[in-house]
Amino acid sequence: MISEAPPFWWRKADWRAWLLLPLSFLYGRIAGHRMAHARRAAVPIPVICVGNFTVGGAGKTPTALTIARAAKAKGLKPGFLSRGYGGSLDVTTVVDPDHHRAIAVGDEPLLLAQEALTVISRRRVEGAQRLVAEGADLIIMDDGFQSARLAIDYALLVIDATRGLGNGHIVPGGPVRAPIRQQLRSATALLKVGGGNAADRIVRMAARAAKPYFTASLKVRGDNTLAGMKVLAFAGIADPAKFFRTVESRGAEIVVAKSFGDHEHLTEEEIDDILTTAERQGLLIVTTSKDFVRLSGHHGKAARLVEKSRVIEVDMVFDDHLAPSLIIDRAIVACRERRLREMKAKS
């Protein structure tokens, strides 16, 4: 499975984006109508959705992990809800990181399951109900902001400060998932990640709409120094360039950089190429947590690549360290208000 985002989406709009404008207009009308008028089922516990405006990664998974850690620090039992993108299972499943492999449940759910109870489901309402049955008292939904049929109590939209909204066009002419104004109306708050200025316009729009925003950055876990090392870096994520910048920030010299599609499972030939290239040139192999879990649990050359690879793990660190706790508190209050409205509607 490869990334849905062609490179031209992330550059200034060119003839391809303008040629696809009629399709983007149609897609946007449909997506916006669904967001505005979808019937959403409710569960009796708070639901926080970590989403983004665009196709592709902006840091949703590390954000969800940070919120889950804050929830556990408050004595809560958080549960992650994921669609299981990239996995083959199409039944609602509690993810077991000791037994499941990424090819079955997806790479992101495996990472989430290492932190807290995780359920994958193509039917998010069914997945949320399963989390309630498993004893969760807070649901953190990884993605699904535009399409979920589940009532959301707090919608946090993550935007990368370097990539922003790309060319600003809606799918298929660009990476935007639905009309921006509709997305802002449905959002609770924004999270701007990194120090670039590509997200400044959407932050100003959010401010005019009285939407709060937080700031954060991805920090490498531990010392994980690579100073002076020559490396082969490979990544199959939505924005491999971000990973390569992180590796270089640790002092490494990237001699070979290999990019693969988001969630892509490497072939035997690709794995062999990485191993032989690194061995021939005397390079240290470095990769992401997501790539590592996709390779884990296999045999042969994949197992050898796992053994040879150093994982660069990152955490989402909010500039205001109290922000994740504040988000949880506001989701709890919103859930109480939602349940009161539901009870009044029934009486």
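Q: In this predicted model, what covers the buried residues of helix H9?
A: The cover of these residues includes strands S6 (154-160), S8 (213-220), S9 (230-235), S10 (253-259), S11 (284-287) and S13 (314-318). The buried residues of H9 (residues 240-249) are Pro240, Lys242, Phe243, Phe244, Thr246 and Val247. After H9 comes glycine 251, with a positive phi near 95 degrees.

Q: What makes S10 and strand S12 the edge strands?
A: The open sheet has four strands in the order S10-S9-S11-S12, with parallel pairing. S10 and S12 (309-311) each pair on one side only, and are therefore its edges. The twist from one strand to the next averages 30 degrees.

Q: How do you know that S11 and S12 pair?
A: Pairing requires at least two bridges between two strands. S11 and S12 have three bridges, in the parallel sense, so they qualify as paired. Valine 286 stands opposite arginine 310 in S12.

Q: Which helix packs on the sheet, touching S9, S10 and S11?
A: This is helix H10 (residues 268-281), whose direction makes about 165 degrees with that of S10. Helix H12 (residues 301-308) lies across S9, S11 and S12 and runs at about 55 degrees to S12.

Q: Why is cysteine 335 called buried?
A: Its relative accessible area is 4%, and buried means under 20%, so the term applies. Cysteine 49, at 0%, is buried as well.

Methods
Residues are numbered from 1 along each chain as its sequence is written. This is a predicted model: local features need pLDDT of at least 70, side-chain atom pairs count only at pLDDT 80 or more; totals for chains, interfaces and linings use all residues. Side-chain values use heavy atoms; hydrogens and water are left out. Buried means under 20% relative accessible area, exposed over 50%, partly exposed in between (1.4 Å probe, protein chains only). Helices (H or I, at least four residues) and strands (E, at least two) are DSSP runs, numbered from the N terminus. Contact means heavy atoms within 4.5 Å. Axes are lines fitted to C-alpha atoms, for helices over the stretch in contact, and angles run from 0 to 180 degrees between N-to-C directions.
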